[in-house]
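Welcome, and thanks for taking a look at this one. Please open the model next to the text and follow along as we go from single residues to the overall fold.

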Amino acid sequence: MEGRWAHHGGHRVGPGPVQVLHLSGMTGEDYVARKAWRQASLKSCPLHGQGACGLSRHGSYPRVKPPGIRVARYYCPREGITISLLPDFLASRMSGELDDVERVVCGAEGMRSVEAAANELRPDDIGLPGAVRWLRRRLSPVRAALLILVSLMPDLLGREPRLSSLRERLRTEHVLLRLRGLCPERLEGLPAPLGLAPRRRSPPDSHRMRGQTTAPEPRRLTPAAAEERPAGET
Ligand SMILES: [Zn+2]
C-alpha cells in the first residue's frame with residue numbers, strides 16, 4: 001500500500017521537522033492493527049522533488065496514542081532534516097487523534113467561558129490553570145485554522161468558523177479529518193493540530209527560562225502534563 005500523499009509545495013516553511021500528511025483513509029485502530037507505517041512510503045522529497053538529495057527511509061517513531069502506533073520517517077541529507085509521514089487521523093504536534101481534539105473544541109463551543117469548559121472537559125487533578133492551558137492549546141489554533149478555511153471556502157463551509165456549525169453543514173462528526181482531505185494543499189500554512197505548520201515557542205516557556213529562579217512549577221512535572229508533549233513527538 002502506498003496511500004495518497006498530500007501535495008506539498010516543495011519549500012520549507014520554517015524550523016523543526018517537516019511533516020507530510022498520509023491520507024490513509026484508516027482509523028487509528030486499523031493503522032495500528034495493520035502496522036501501516038511499515039508500508040507508508042514517500043516517492044520523492046517534499047523539499048527537493050525528484051532531485052538527487054539522497055532521501056532515505058529513517059525508521060519510525062512511536063506516538064503515545066493510539067497505543068502501539070508508530071509514524072514512518074524519512075531523512076533528507078541535503079537539509080539534514082527528518083520528514084514524518086503523519087497519518088491523517090493523528091493530531092499534528094500534539095498527542096492523540098484529531099477526533100480527540102474535535103471532541104474537546106466542540107464541547108467547549110457550547111460553554112460560557114474557557115474556565116468553565118476546562119473544568120468540565122478536564123476533570124482530572126491537573127488543576128484549573130493547567131486545564132485552561134490544555135484547552136487553549138486546542139481551542140486557539142483550531143479556531144484560527146477554521147477562520148482561515150471558512151474565509152477561503154465559504155461556498156462549501158459556510159461563514160461560521162465553529163465546529164458545531166461545520167458538523168451540521170458537512171454532516172459528519174469528523175470535521176477536522178474531513179477538512180484535511182478537502183484541502184491538503186493548505187495544511188502546511190495552517191496551525192497544528194489540524195495543519196502542519198511548525199510549532200512556535202509559546203511566551204510562557206520563554207518567560208520561565210528567563211525569569212524563574214525559584215522552584216519549578218510542580219504541575220508541569222505531573223504525568224498528565226508531561227504526556228502532552230512527549231519528547232520527540234511531532
Ligand atoms: Zn531532500
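A residue is buried if 20 or more other C-beta atoms lie within 10 Å of its own, exposed if 12 or fewer, and partly exposed in between. Pro87 has 27 C-beta neighbours inside 10 Å, so Pro87 counts as buried. Please keep in mind that this is a predicted model.

**Pro87 and its surroundings**

- Pro87 is part of strand 5.
- Apart from neighbours within four places in sequence, the contacts of Pro87 are His22, Ser24 and Tyr31.
- Val71 sits 16 residues from Pro87 along the chain, and their C-alpha atoms are separated by 7.5 Å.

**Overall layout**

- The protein chain has nine helices and five strands.
- Read from the N terminus, the order of elements is β-β-α-β-β-β-α-α-α-α-α-α-α-α.
- The protein chain has 234 residues, and 31% of them count as buried.
- Taking contacts between residues at least 6 apart in sequence, 58% join residues at least 24 apart.

**The largest nonpolar core**

- In soluble globular proteins, nonpolar side chains tend to be buried together.
- Here the largest nonpolar core holds 44 residues, and the members that touch the most others are Leu98, Val101, Leu176 and Leu194.
- At least two residues of this core come from each of strand 2 (18–23), strand 4 (70–76), strand 5 (81–87), helix 2, helix 3 (114–121), helix 4 (128–152), helix 6 (163–170) and helix 7.
- Helix 4 gives the largest share of this core, with six residues.
- Leu176, one of the residues that touch the most other core members, is in contact with Leu98, Val101, Glu102 and Leu194, leaving aside neighbours within four places in sequence.

**Helix 2 against helix 7**

- Two packed helices are described by the angle between their axes and the distance between the axes.
- For helix 2 (residues 98–109) and helix 7 (residues 175–182), the packing angle is about 125 degrees and the axes are 8 Å apart.
- Angles of 65 to 115 degrees count as roughly perpendicular and those over 145 as roughly antiparallel; helix 2 and helix 7 are therefore oblique to each other.
- On the helix 2 side, the residues that meet helix 7 are Leu98, Asp99, Val101 and Glu102, and their partners in helix 7 are Val175, Leu176 and Leu177.
- Sorted by class, this contact of helix 2 with helix 7 has five nonpolar, two charged and no polar residues.

**Cis peptide bonds**

- Lys65 and Pro66 are joined by a cis peptide bond, with omega at about -5 degrees. Pro66 belongs to the loop between strand 3 and strand 4.
- A cis peptide bond also joins Ala192 and Pro193, with omega at about 15 degrees. Pro193 belongs to the loop between helix 7 and helix 8 (203–211).

- Lys35 is not a glycine, yet its phi is positive, at about 45 degrees. Lys35 is in the loop between helix 1 (28–33) and strand 3, and it counts as partly exposed because it has 13 C-beta neighbours inside 10 Å.
- Arg171, another residue other than glycine, has a positive phi near 55 degrees. Its place is the loop between helix 6 and helix 7.
- Is Arg171 buried or exposed? Arg171 has 9 C-beta neighbours inside 10 Å, so Arg171 counts as exposed.

- Pro62 lies in strand 3 (residues 56–62). With 13 other C-beta atoms within 10 Å, Pro62 is partly exposed.
- Not counting residues up to four places away in sequence, Pro62 touches Ile69 and Arg70. The C-alpha atoms of Pro62 and Ala72 are separated by 9.1 Å, and these residues are 10 apart along the chain.
- Arg122 is in the loop between helix 3 and helix 4. It has 19 C-beta neighbours inside 10 Å, so Arg122 counts as partly exposed.
- Which residues does Arg122 touch, not counting those up to four places away in sequence? They are Ala131, Trp134 and Leu135.
- Val132 is 10 residues from Arg122 in sequence and 8.7 Å from it in space, C-alpha to C-alpha.

How values were computed:
Residues numbered from 1 in each chain as written. Predicted model: local features only at pLDDT ≥ 70, side-chain atom pairs only at ≥ 80, totals over all residues. Axes fitted to C-alpha atoms, helices over the stretch in contact; angles between N-to-C directions. Helix = DSSP H or I, 4+ residues; strand = E, 2+ residues; numbered from the N terminus. Parallel < 35°, antiparallel > 145°, perpendicular 65-115°, else oblique. Contact = placed C-beta atoms within 7 Å. Nonpolar A, V, L, I, M, F, W, Y, C, P; charged D, E, K, R; others polar. Core = buried A, V, L, I, M, F, W, Y, C linked by C-beta atoms within 7 Å.
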